[in-house]
Amino acid sequence: MLQPTDDSTNSTAVQQLSLVVSEQAVVEGATEILKVIRPDWSHDNVRFKLFTDGITNKLVGCFKQPDDSDTSERTPEPEDVVLIRVYGNKTDLLIDRRKETENIKLLHRYGYAPALYATFANGLAYEYVPGVTLTPDTCTADSVWPLVARRMAQMHKVRPDDPSASDEPALPAKLDQFLRLVPNRFSDPMKDERVWKVFPSVAELRDEFDALYARLLETGSPVVFCHNDLLLGNVIYDEARSRVTFIDYEYAAPNHQAFDIGNHFTEFAGIDEIDYGRYPAPDFQLRWLRVYLEQYQDESIPVSDSAVQRLFVQANQYALASHFLWAIWALIQAEHSTIDFDFVQFGATRFLEYRRRKEEFLALRYTN
């Protein structure tokens, strides 16, 4: 029997369960969690939906069947849904799960993140947010992108509860952590051969990033509270309420403002069928950045063209760091993940795009 304990140090109690859910039996594990966090739900009246969008974790939606006699496919009422996320194999090597929980609680109090119901040994149970995830087709819609720009600006103004919390940017430490985890030789010989046909040695990668980051620091991008992983699947669009919600705060931390923006722009290309022809054109970016700055800056200060241009240069140059970071991340996943996804191909695609765009983006300049 699970023995939950309330986290009484926060205004919203989050139950902590000593349960490990197998990636191969997420429904069975979800059933055990629901017995604790939704004890009034009858097991015979609960339905489950497995989601397949993620390439890091397993996600299952749990909801009550409204009527025992109704066997039709019905859309569940949002308030009846609990999402249970099971962390991918070895992702604890990459992610500080305690910090992730703190991030969700913090942002929920601001109204920017779903409510967290419970944690368990290898996952979370949290509130379902109604809506649909963005796609390469919808992320540029005029009804959507301004909402994303404003929500990101609002999140960037969040201040962590701990006044002594570090304001050091997460990017260099995270990249260093990832590089230390890349194996010198992959356990799968075919993967090993494919990786080193594209990537230089780890030592060369480290030197490459150090040189890149030194250039990026010259842009003066400020450190703010960032999501750091705003791929399209982590943005939920609720058309009825004209609202977006960001989810999955695994990597949220203080970081360079321009990294969060540039990272989001790189994700317009998609994941399953990556097409960097979808990377947003300059005119779109400038409109997006102006809306962002209108929300981020003091309302009494008009947004100047020079401020927009400056952020444009910063965001595109930090997009290079995004490609670099997630390319290295993919190599670690290629070694450890049990999810059916070609991480080597993903990593190679991002690294080659970094190389292709490097000279072009670093040549960008702005005038004050």
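This report describes helices, strands, salt bridges and cysteines in a predicted model.

## Helix α3 and its surroundings

Helix α3 spans residues 145-156 and has 12 residues. From its first C-alpha to its last, the helix reaches 17 Å, close to the 16 Å expected at 1.5 Å a residue. Of the 12 residues of α3, 10 are buried, so the helix is largely enclosed by the rest of the structure. The buried residues are Trp 145, Pro 146, Leu 147, Val 148, Ala 149, Arg 151, Met 152, Ala 153, Met 155 and His 156.

These buried residues of α3 pack against both helices and strands. The helices in question are α2 (97-109), α7 (257-266) and α8 (282-296). The strands are β9 (223-226), β10 (235-238) and β11 (243-246).

## Strands β3, β4 and β5

Strand β3 (residues 46-51) and strand β4 (residues 58-64) run antiparallel and are joined by six bridges. Strand β4 pairs in the antiparallel sense with β5 as well, again over six bridges.

Phe 63 can be followed through both pairings. In β4, Phe 63 is the bridge partner of Arg 47. Phe 63 also stands opposite Val 81, which belongs to β5. As a general point, the side chains in a regular strand alternate between the two faces of the sheet.

## A network of salt bridges around Arg 85

The structure holds 18 salt bridges. Four residues, Arg 85, Glu 100, Asp 248 and Glu 250, are linked in a network of such bridges.

Arg 85 forms a salt bridge with Glu 100, and the closest N and O atoms of the pair are 2.7 Å apart. Glu 100 lies in helix α2 and Arg 85 in strand β5 (residues 81-86), so this pair ties together parts that are 15 residues apart in sequence. A salt bridge also joins the side chains of Arg 85 and Glu 250, at 3.0 Å from N to O. This second pair links distant parts of the chain, 165 residues apart: Arg 85 is in strand β5, whereas Glu 250 is in the loop between β11 and β12 (253-256).

Arg 85 counts as buried because its relative accessibility is 3%, where buried means under 20%. Glu 250, at 7% relative accessibility, counts as buried too.

Another salt bridge is formed by the side chains of Asp 176 and Arg 180, at 2.8 Å from N to O. Both residues lie in helix α4 (residues 170-181), where they are four residues apart, about one turn of the helix. Asp 176 is partly exposed, with a relative accessible area of 24%. Arg 180, with a relative accessible area of 63%, is exposed.

How many disulfides does a search of the whole structure find? The search finds zero. Cys 139 counts as buried at 2% relative accessibility. Cys 226 is also buried, with a relative accessible area of 0%.

## Leu 352 in helix α10

Leu 352 is found in helix α10, which covers residues 343-362. At 44% relative accessibility, Leu 352 counts as partly exposed. Leu 352 and Phe 324 are 28 residues apart in sequence, and their C-alpha atoms are 9.4 Å apart in space.

Notes
Residues numbered from 1 in each chain as written. Predicted model: local features only at pLDDT ≥ 70, side-chain atom pairs only at ≥ 80, totals over all residues. Heavy atoms only, no water. Disulfide = S-S within 2.5 Å. Buried < 20%, exposed > 50% of the residue type's maximum accessible area, 1.4 Å probe, protein only. Helix = DSSP H or I, 4+ residues; strand = E, 2+ residues; numbered from the N terminus. Expected span 1.5 Å × (residues − 1). Contact = heavy atoms within 4.5 Å. Pairing = 2+ DSSP bridges.
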